[in-house]
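Please keep the structure open while reading.

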Amino acid sequence: MTNTLYDALIAPHAQNEAVFLDLDDGTSVTYAQFVARVAQLAHVLVNAGVTPGDRVVVQGPKTADAIALYGAAVQAGAVYLPLNTAYTKSEVSYFITDAAPRVVVCAPQNADEMRDICGDGRQVMTLSNDASGTLSRQANDQPTSFTTVTRGPDDLAALLYTSGTTGRSKGAMLSHKNLLSNAISLTDLWQITNADRLIHALPIFHTHGLFVAMNTSLLSGARVRFMNAFDVDVIVDELPKSTMMMGVPTFYTRLLGDARLTKDLVAKMRVFVSGSAPLLAETHTAFEDRTGHRILERYGMTETNMITSNPFDGDRVAGTVGYPLPGTEVEITDNGTPIAAGDVGMIEVRGDNVFQGYWNMPEKTAEELRDTGFFITGDLGVKDADGRISIVGRQKDLIISGGYNIYPKEIEDVINDVAGVLESAVFGIPNADFGESVLAAVVLEDANLTDDAIRALVEPHLARFKHPRRYILLDALPRNTMGKVQKNVLRATYSS
Ligand code: MLC
Ligand code: AMP
């Protein structure tokens with residue numbers, strides 16, 4: 001029986017006594033223990049009624065069992081669906097309704113709310129930091145081996161939601177082949193081996209922390225310092241004992257803000273990887289000046305996994321995202337027609353890494369995924385004569401804050417629903433810590449409405465990281481002659 005991902009990432013470690021995860025409480029989990037735990041959790045899922053293809057939703061703490069649950073979903077032939085822990089009840093309700101999962105796992109303090117959202121017909125289990133959740137307790141009584149469910153390369157392994165320019169989140173369907181092909185390319189390119197120890201401070205509900213970091217570690221047998229959250233003090237302690245770090249640019253600017261970051265501190269480190277948001281050339285340069293390391297920047301998306309990477313051996317050029325990964329084609333196009341090197345156009349991608357389409361949204365899939373297999377990223381880029389790619393902007397209206405994607409349309413929809421609001425425009429301005437932060441320009445119908453009143457009505461609907469930092473009340477939004485709101489004018493006016 002074969003299961004594409006399980007056979008490559010998990011099965012080979014059944015007898016591997018090396019450490020896989022080093023946890024915050026000082027304990028460790030070996031690879032062999034991990035494989036056994038995956039099996040126990042797979043039994044829990046099946047006992048809860050999970051059958052091949054069923055979705056398993058997880059919105060909970062970053063623990064060893066959370067990552068074993070990913071493995072368990074794979075081994076049981078299910079589809080893993082992680083959710084940002086910051087999502088509010090109304091955001092979670094949408095995902096549950098859209099994905100119709102069989103099992104939902106959440107933090108104990110959210111269990112009542114989650115049961116309320118789920119209604120009958122879905123099992124709600126809890127996952128806590130201290131292993132007292134019902135999921136972990138049920139797993140303790142299960143056998144440590146499980147008959148792996150057969151899954152082929154094209155079967156779905158995960159469903160990851162990504163917000164959309166239309167305001168509705170879209171579930172990106174990722175197959176076993178999508179995930180495995182990318183893990184193989186990255187492991188090979190970044191020369192990851194079982195001699196590596198990775199500093200893992202990213203959340204595990206996104207492509208970066210879950211697939212880029214964990215799939216490459218599992219494939220190579222690397223050791224992972226699995227941190228609950230990003231904390232400069234903990235990272236400073238771990239750097240002398242580690243060889244790799246993966247992070248969003250905010251990680252690097254925050255580290256640079258700490259005087260303990262020196263060449264000596266990182267003497268053992270082999271590579272620092274950055275992605276999910278643009279890394280400023282000045283951050284790249286400052287990091288090299290301070291540590292001697294040129295950060296390795298790569299570019300990816302939920303729908304495509306990783307697309308390009310600067311070279312491991314060779315020139316890592318600040319402000320560029322490097323070359324297409326092996327097996328991945330990147331074209332810069334004008335409406336689908338490839339254009340010359342040096343010209344700016346749409347970045348389009350094709351390869352085994354590209355997703356299977358959006359869950360329940362064939363029209364959206366058709367809009368963004370061409371019949372030829374090329375996916376239209378919405379990012380604008382340029383290729384130089386030797387094929388090196390730089391991202392120069394985005395055609396999609398998107399704000400990236402601390403590596404989290406925020407689609408203005410989603411926030412505008414919530415603001416516009418407030419009684420007394422005529423219209424709004426949400427836009428990003430530069431922010432030294434998060435790269436960008438969110439502002440909202442609002443035009444009122446009811447002149448008595450205040451920014452505080454709008455804020456109070458909007459915030460319960462949106463995760464904290466999406467909240468506008470300021471509401472600017474205007475008589476009218478700036479528009480061009482076509483009537484289109486000029487967000488560039490808003491950005492220029494309010495950036496300072
Ligand atoms: C936290 N806050 C944020 C925020 N993160 N606000 C805006 N943007 C963010 N990214 C809020 C908190 O709720 C809090 O609100 C306040 O900001 C300060 O919190 P903090 O303690 O300073 O933040 P912290 O917990 O340290 O989180 C910052 C961070 C985190 C950068 C460590 O955001 C993070 O882990 N980001 C990584 C995201 C990621 O993994 N992206 C990959 C997507 S995959 P208040 O006001 O209540 O105090 C992808 C594809 C690819 O993009 O290519 O990889
Ligand atoms: P997500 O939809 O969360 O997967 O985010 C994907 C988006 O993040 C891409 O479409 C890019 O706009 C952005 N992104 C990822 N990596 C980089 C990078 N290295 N530089 C600039 N933007 C990036």
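The model is predicted.

## Ligand 1: the shell

The shell around ligand 1 holds 22 residues. Arg254, Ser276, Arg298, Ser401 and Arg464 come nearest. By class, 10 residues of this shell are nonpolar, 8 are polar and 4 are charged.

## Ligand 1: polar contacts and cover

For Arg254, an N or O atom of the side chain is 2.8 Å from a ligand 1 oxygen. For Arg464, the corresponding distance from a side-chain N or O atom to a ligand 1 oxygen is 2.4 Å. The backbone contributes too: a polar backbone atom of Gly300 sits 3.2 Å from an oxygen of ligand 1.

On its own, ligand 1 has 1,000 Å² of accessible area, and the protein covers 72% of that area.

## Ligand 2: the shell

Around ligand 2 there are 17 residues. Arg298, Thr302, Asp379, Lys396 and Asn405 are the closest. The shell divides into 7 nonpolar, 5 polar and 5 charged residues.

β13 gives the most to this shell, with 5 residues. Arg298 is listed among the nearest residues for ligand 1 and among the closest for ligand 2.

## Ligand 2: polar contacts and cover

A nitrogen atom of ligand 2 lies 2.9 Å from an N or O atom in the Glu297 side chain. An N or O atom in the side chain of Thr302 is 2.6 Å from an oxygen atom of ligand 2. A polar side-chain atom of Lys396 is likewise 2.6 Å from a ligand 2 oxygen.

The protein covers 93% of the 500 Å² of accessible area that ligand 2 has on its own. Two elements give two or more residues to the shell around ligand 2: β13 and β20, the latter spanning residues 389-394.

## Ser217

Is Ser217 buried or exposed? Ser217 counts as buried because its relative accessible area is 2%, and the cut-off for buried is under 20%. Ser217 is located in helix α8, residues 207-220.

The Ser217 side chain reaches the backbone oxygen of Ala213 at 2.8 Å. Beyond neighbours within four places in sequence, Ser217 is in contact with Phe20, Tyr31, Leu198, Ala222 and Val224.

Definitions and conventions. Residues numbered from 1 in each chain as written. Chains lettered and ligands numbered in written order. Predicted model: local features only at pLDDT ≥ 70, side-chain atom pairs only at ≥ 80, totals over all residues. Heavy atoms only, no water. Near = heavy atom within 4 Å. Polar contact = N/O pair within 3.5 Å; in protein donor to acceptor, adjacent residues only side chain to side chain. Areas by Shrake-Rupley, 256 points an atom, 1.4 Å probe, with all protein chains shown as cover. Nonpolar A, V, L, I, M, F, W, Y, C, P; charged D, E, K, R; others polar. Helix = DSSP H or I, 4+ residues; strand = E, 2+ residues; numbered from the N terminus. Buried < 20%, exposed > 50% of the residue type's maximum accessible area, 1.4 Å probe, protein only. Contact = heavy atoms within 4.5 Å.
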